[in-house]
Amino acid sequence: MSSTEQSEMQKDPEQTRPGPVYAPAVDIFENDEAITVLADMPGVKANELKVDLRDNVLTLHARVTPPEAASETPVLREYAAGTFFRQFTLSETIDQAKIDAKLTDGVLRLHLPKVERAKPRQINVRSE
Amino acid sequence: MIVRRVWPSRPTFESAFAEMDDRLRRELVRRLDPSYGNGSPEPAAGVFPPINVTQDDERFYVRAEVPGIKPDELRVTALRNRVAISGKREIPPEHDRVSYHRRERAEGSFSRTVALPTEVDAEGVDARYADGILTLTLPKAEEAKPRQIVVKT
């Protein structure tokens, strides 16, 4: 009884640095060859973004440097620069060597090709 | 078995909430909000795009989060103390036969107008787009700039 409760209480590890953490909005779709992830990460530069895939867990992590100069004082604040963080569990086996990540205009496009054996094969049924 | 009664009669969901003080209820609603705990003290405006405005002595800086929009699809106008940002975000359809697992990114037209505390020099407005952030630099109108006054003795 207590062991099941403990496993349900499992929580993501906390980050050491304080500050807001945002989950980027994503589109995820797949076809027979690959899984594609599109993530909105405004303000993120390519060198600030870390994409990691291990043990079937895909991690997106980016720390945004606030663009404001020290001399600026806020007038209206609707968003804050912080950290983008999101994790996904992938059920398919991904070909690690062929992963391609592109960051354009604050949108990450992550192409995750499936390994050969995971691709579905059409089987022709012959009649004798 | 002894059951201690907290409410005089069997409490319904509504009566239990009626007992709560209004502030407590608001706090509860706030904590139930999925965005709570992300550390963002800013109220979600629920509009697109979110805009930050800052100023220094000379200028206003307007920054808007508009990821995935081509700069030529953005329209910025400035008149007196108003800045309008409008545009359209289109997510091109994927041509392969794909099945979607998640579709969270929104698309469509948007338009927002921000009133600044003082008038700006519309001629000197500079607009830049980088990494999904639109940055407008708006010089304050000459009469709106603060002046240093020398205190004589």
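**Exercise 1.** State which residue stands opposite Phe60(B) in β8(B), and describe how the two strands pair.

*Solution.* Start with the residue: in β8(B), Leu138(B) stands opposite Phe60(B). Next take the strands, which are DSSP runs of E with at least two residues, numbered from the N terminus. Seven bridges link β2(B) to β8(B), residues 133-139 of chain B, in the antiparallel sense. Strands count as paired if DSSP finds at least two bridges between them. This is a predicted model, in which local features need pLDDT of at least 70 and side-chain atom pairs pLDDT 80 or more, whereas totals for chains, interfaces and linings use all residues. Residues are numbered from 1 along each chain as its sequence is written, chains are lettered from A in the order in which they are written, and side-chain values use heavy atoms, without hydrogens and water.

**Exercise 2.** Give the strand order of the open sheet of five strands, and name its edges.

*Solution.* The order is β6(A)-β1(B)-β2(B)-β8(B)-β7(B), with antiparallel pairing. The edges are β6 (73-77) of chain A and β7 (126-130) of chain B, each of which pairs on one side only. Strands of a sheet pair through backbone hydrogen bonds.

**Exercise 3.** Find the strand of chain A that is joined to β5(B), and a pair of bridge partners.

*Solution.* Strand β2 of chain A, residues 26-30, runs antiparallel to β5(B) and is joined to β5(B) by four bridges. Within β5(B), Arg102(B) is the bridge partner of Ile28(A).

**Exercise 4.** Describe the extent of the interface between chain B and chain A.

*Solution.* First count residues: 42 of chain B are in contact with 36 of chain A, where contact means heavy atoms within 4.5 Å. Then take the buried area, the accessible area (1.4 Å probe) that two parts lose on being put together, summed over both. This area is about 3500 Å², and carbon and sulfur atoms give 49% of it. Asn52(B), Arg105(B) and Asp131(B) supply 20% of the area that chain B buries against chain A, more than any other three residues.

**Exercise 5.** Count the salt bridges across this interface and examine two pairs of residues.

*Solution.* A salt bridge is a side-chain nitrogen of Lys or Arg within 4 Å of a carboxyl oxygen of Asp or Glu. Arg63(B) forms one with Glu72(A), their closest N and O atoms being 3.2 Å apart. Asp40(A) and Arg89(B) meet in another, at 2.9 Å from N to O. Asp40(A) lies in β3 (residues 34-40) of chain A and Arg89(B) in β4 (residues 82-89) of chain B, so this pair joins two chains.
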